[in-house]
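Okay, thanks for coming, everyone.

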Amino acid sequence: MTAQRSAGPLAGMKVLELSQIMAGPTAGMMLADLGADVIKVEKLPGGDDSRSYREPRVNGVSAPFMILNRNKRGIALDLKHAKGKEVLKRMVAGADVLTENYRKGTLEKLGVGYDVLSKLNPGLIYSSVSGYGRTGPWADKGGFDLIAQGFSGLMSITGEPGRPPAKSGNPVADINAGILQALGVIAAYVHKLKTGEGQVVETSLMESALQQTYWHAAIFFATGASGGPLGSSHVLTAPYQAFRTADGFVNIGGANQSNWERIADVLGHPEWKTDPRFATNDDRMRNLPALVEAMEAVLVAHDRAHWIAAFDAAGVPAGPVHSIGEALTHPQVLARDMVVEVDHPKAGRTQALGFPVKLHGTPAVAPKPAPALGEHTREVLAEFGYAADEIDALIAEGVVGAG
């Protein structure tokens, strides 16, 4: 489905992104995809640390940087320089949002914390992502995705039983923190449009990871028990996991009794519906190893495609366990515009993930390439009232960089 592109529902929102690597840039990309003017303010020297990731690169350009920073304009700024602070202050006076993911107190020590910036712009939405939040006994600690996954308990419920702790294969805390930050910014922006008031909006890697534990938290609150790793199976229902077939794994979702009964019929064992080991969900959860063994004894006779077609015909939720490559080339993924092409001036034509929410009236904007370091410095500073000779002087002094 290729929707007609628009300016985006957030057209008119101006965002200064002082964030790098993952969580903050994820939020900025989502806002930019929705039409916000996101100005990526990168540090000097070097810029966003993800620029330095050596591999993979496309014609010398960091693929991780490109995928998270599309649709943004970029300037390079030395915030340790007195004139750099003044540049930021002038930009803040004309912005709606500032996002940052520095350790608590860093920007305050530089003299550009919320206490200073909000006086320049009372309508400023100041959005922060930290390791553990801005309050509490661990507020001063830094954080990384791995550390947050361990702290939140996610690693204790991930992987196979009896194996060492495992983290999610993707940086779930980082990515979810970015999504939550974007959600908070949009909520604060709606409030600002109503009242003119700005505010601090914050989340943390810890909170974004902990949010992923809804089912396990429900069990703990109800019983006081902490669950452990279950592989691909579900903590509350069965069969609901990956099963081996002749050519790989297929996920089967028997999340209710009617689906279970259809599964038994598809697998040619209607007697399982009344088998005391499998008759009810409680029975199946108590006898999960036997259930998996019985089902896989049948499933290995045919390939994934055979079983998915059979389960589809019976109305049972089922799907393949794809590799990343298989997922990104699947016709359904392509039909939903989840793979988009971006023309980069140095890397050439590249591919990236599309915007995952489809707004039919005001769709996401067409993707533009991630900026080179300082690519838009002159353009952006001119918009904030700097004359050409002033910009030249700032570049000469190393206050800003122009790519």
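So, by class, the lining of the largest cavity splits into three nonpolar, four polar and five charged residues. For the classes, Ala, Val, Leu, Ile, Met, Phe, Trp, Tyr, Cys and Pro are nonpolar, Asp, Glu, Lys and Arg are charged, and the others, Gly among them, are polar.

Quick housekeeping: this is a predicted model, where local features need pLDDT of at least 70, side-chain atom pairs count only at pLDDT 80 or more, and totals for chains, interfaces and linings use all residues. Numbering runs from 1 along each chain as its sequence is written, and side-chain values use heavy atoms, with hydrogens and water left out.

Back to the cavity. On a 1 Å grid over the protein atoms alone, a cavity is a set of points where a 1.4 Å probe fits but cannot get out; a pocket is an open set with protein on both sides within 12 Å along at least five of seven lines; and lining residues have an atom within 4 Å of a point. Points are joined across faces, edges and corners, and volume is the space filled by probe spheres set on them.

The structure has one cavity of 30 Å³ or more, and the largest cavity comes out at about 60 Å³. Its lining includes E100, R103, K104, E108 and R134. Helix 4 (106-109) and strand 7 each give at least two residues to that lining. Helices here are DSSP runs of H or I with at least four residues, strands are E runs of at least two, and both are numbered from the N terminus.

How big is the volume of the largest pocket? About 1,100 Å³. It has 31 lining residues, and M29, I67, L68, A352 and L353 are the closest to its centre. Helix 2 gives the largest share of that lining, five residues, and helix 7 (172-195) is among the elements that supply at least two. By class, we get 23 nonpolar, six polar and two charged.

The second largest pocket has a volume of about 840 Å³. Of its 37 lining residues, Q20, D49, N101, Y102 and R103 sit closest to the centre. Strand 2 (37-43), strand 7 (125-130) and helix 6 (145-151) each give two or more residues, and strand 2 has the largest share, with four.

While we're on helix 7: its 24 residues reach 34 Å from first C-alpha to last, close to the expected 34 Å, where the expected span is 1.5 Å times one less than the number of residues. Just after helix 7, G196 takes a positive phi of about 80°.

Three strands make an open antiparallel sheet in the order 9-10-11, and strands count as paired if DSSP finds at least two bridges between them.

Strand 9 (residues 240-245) and strand 10 (residues 248-253) are joined by six bridges and form a hairpin with two residues between them. Across that pair, A242 is opposite N251 and F243 is opposite V250. Strand 10 meets strand 11 (residues 318-320) through three bridges, with I252 partnered to A318.
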